[in-house]
Amino acid sequence: MKVSKRLYSYYLIWPALLIYSVFFVLPALTGLFYSFTDWRLDREAIKFIGWDNFERIFTDRTLLLAMKNTAIFAIVTVLGKNLLGIALAVGLNMKLKSKNLLRAIFYSPSILSVLVISIVFTPMLRSDGTINRIFEAVGLPSLSQAWLTNPALVIWTVAFVSIWQHTGFQMAIYLAGLQSISKEYYEAATIDGAGSWRSFRSITIPLLLPAININLMLTLIGGLKVFSEVFVLTGGGPGNASQVVGTIILRSFGEGSWGLGTAVNTLLFAAVTVIAIPLLIFMRRKEVSE
Amino acid sequence: MSKRMKKIATGLLAGIMTLTLAACGSDNSGKGNAAATDSGSGNSGGSSTGKKVTIELAISKSSQDSAFVAQDVLDEFEQKTNIKVNLQLLPAEQTATVLQTKLAVDEVPDLIQYNLASATTDLNLERNFEILDNEPWVSRLLNKDVLSAYDHVYSFHYSQDTGMQGVVYNKDIFKDLGLEIPKNYEEFLAVCEKIKASGITPVFMPFKDNWAANIWPAAAFADWAAKNEPSLFEDINAGRKKWSDVPEFATFLDQQYEVYKKGYTNTDILSDSYDMAVGKFLNKETAMMFMGDWLIVNVAEKDPNVHLGLFAIPSSEDANLGASPLGGQLFIPKKAKHMDEAKKFLEFLATKEVAQKMVDSQGSVSNFSDVTTPKLPDYKQEIVDQYITPKKTTLTTDAYMIVDRSELYRLLQDEFAGGLDAKGVLKAWDEKFSQLMKDKGVEGF
């Protein structure tokens, strides 16, 4: 009786497992296989070439640059979106008359399409664009830059645009986290003579950890997988200056090197897993329950 | 283990491909086979007495207003030959992928409309398409080159004026300033200087679109090779020579860069894109641009009173005009199920009457000796008189490159971003080019 009951619960998994296997596990495995081949549609046959694709990834200068750019983008956006997100959330969690309006304003960029963002920002970031004009108007012409066309600067600019767009989303998650913290903790802390910084450090941050974890994961994975921002703002240019792993995959497929493209994709998948899972475990341990 | 996995994966892929292609393929192939036997046995006459045959023509959705596929043309063909042409409209952004897949799994249409330059890189022209050298209409061609690759006629078109590339210029500005068309690079710089002095930007460079940076070199390289070393591209494609082996190529790249460095262009060339070009010419903000004649058509559509012309890239003395093998030509896949009928369709389009009708309706330059070119727009007539009739055109390098060119475009863009000099561009392209050729399995790399 007990056994059959237990089995019954396994039967229920089957449909979901089947769908998951067919549409996720299977393509992932075939992808893994193809990353070890010289798969091209203009070839008669697919040949198994071992680690060649991966060797090439680590010796191709553009691919290395793309990995560096991806790392810069991920780190900058993780820090930017989360620090700003917490700051905004704490600010808008206070008793302000206009807090609903402000929440809506800060959240609104994250519902816009990245194409719209590109249409808005591209002219603003030109050499003679709004941002440089503002610098000139306030007497800081030395800060004027070719934001999207200076190879040394461009990935930072794209990261900035991404922070601008998504911080509101991170803010919303932090706000939800903040509202789940009971006011009693703060009252008790005040009675004990704690200042606002002390309360923030000892109450808000520890109790906000679940939200911080979620946000760190989301922004980190999003940062490592970045594609659309770079694609619409710079297309990976000028030259190859702002290529990231995501755009390199597109480039490889466009060149007809499908095996190589799959290899880069596999590598990205592995990198995300290797970085995200230990971080998740580490952060989980830090969480406290109320 | 790996062998087994390979087998499994191959099997799975085959399964998936069959499933996805079943929808569009199975239905037709049944009909196709029946018809193929039919045409093989007794359809040589192909008259209206025979059984009706349907041939498939695959065409990008964005080209569906092409003159080849105008409904009245197709109807007339069907009436005369009892062969029906069925259009397979492919989504514009996936045309290449869909055709690659079809060719790879032998689910080929009988005719494909594509452009010659891209067909060589995307669709493996030599392996997949029929050589048309012996077709009856070939002997009447005025300009075989625009339909040829690897010394064979691979495609069909009634006109020869698609995609002329050079310097698009504003005739009125030239007239006002008393300027002549420059015949060499020094004269070109002098022209730029005078235009700049008048307060107009001499050259508009929209190099945010990196392909636009390739117009100058694509024509300049080809012009130099045609005049000095006709076998150059053959050697490059066989791995016997490198792009950086030709010092003149670096000179040509330097020239384009110098035009920018001397301040003869818009300041923010890497932020400006091609779609701004029409506006720049309409507002007379700029006098010239390295581009194809399609820009002139785009400007004329907005304002017919802006008079633009086209002259050859002045990279060297008395250069030829670049002719890009662009535009939609028709191709017949080697594995077409209705080869004879597809050829018959081309014959029909090539007949004097039909070709004349298409040339007239499009205002284009006839490629057949017995079809008269109608009255052309001024700029086009000039191109014909000054370049096409005296045979002063040269196929641009695009025609000879059998690999994806986008990395070259990025490298050219990098020259203007300050990352590479002309020699660096060619060296980096050599590396990438040989890698791409190696990937393709071309011998010599």
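**Exercise 1. Determine which strand E6(B) pairs with through two bridges, and in which sense.**

Solution. The partner is strand E10 (residues 321-323) of chain B, and the pairing with E6(B) is antiparallel over two bridges. Strands (E, at least two residues) and helices (H or I, at least four) are DSSP runs, numbered from the N terminus. Two strands pair if DSSP finds at least two bridges between them. At residue level, Gln165(B) has Gly322(B) as its bridge partner in E10(B).

The model is predicted: local features need pLDDT of at least 70, side-chain atom pairs count only at pLDDT 80 or more, and totals for chains, interfaces and linings use all residues. Residues are numbered from 1 along each chain as its sequence is written, chains are lettered from A and ligands numbered from 1 in the order in which they are written, and side-chain values use heavy atoms, with hydrogens and water left out.

**Exercise 2. State how many bridges join E6(B) to E8(B) and to E9(B), and how many residues of E6(B) are buried.**

Solution. Step one: five bridges join E6(B) to strand E8 (residues 286-292) of chain B, and the two run antiparallel. Val168(B) stands opposite Met289(B) in E8(B).
Step two: four bridges, again in the antiparallel sense, link E6(B) with strand E9 (residues 308-311) of chain B. Here Asn170(B) is partnered by Leu308(B).
Step three: buried means under 20% relative accessible area, exposed over 50%, and partly exposed in between (1.4 Å probe, protein chains only). Seven of the seven residues of E6(B) (residues 164-170) are buried, so the strand is largely enclosed by the rest of the structure. For the chain as a whole, 55% of the 445 residues of chain B count as buried.

**Exercise 3. Describe how H10(B) and H17(B) cross and which residues meet.**

Solution. Step one: the axes of H10 (residues 247-261) and H17 (residues 422-440) of chain B come within 8 Å and cross at roughly 125 degrees. Axes are lines fitted to C-alpha atoms, for helices over the stretch in contact, and angles run from 0 to 180 degrees between N-to-C directions.
Step two: angles under 35 degrees count as roughly parallel, over 145 as roughly antiparallel, 65 to 115 as roughly perpendicular and the rest as oblique. H10(B) and H17(B) are therefore oblique to each other.
Step three: Phe249(B), Ala250(B), Leu253(B) and Asp254(B) in H10(B) meet Ala422(B), Lys423(B), Val425(B) and Leu426(B) in H17(B).

Conventions
Contact = heavy atoms within 4.5 Å.
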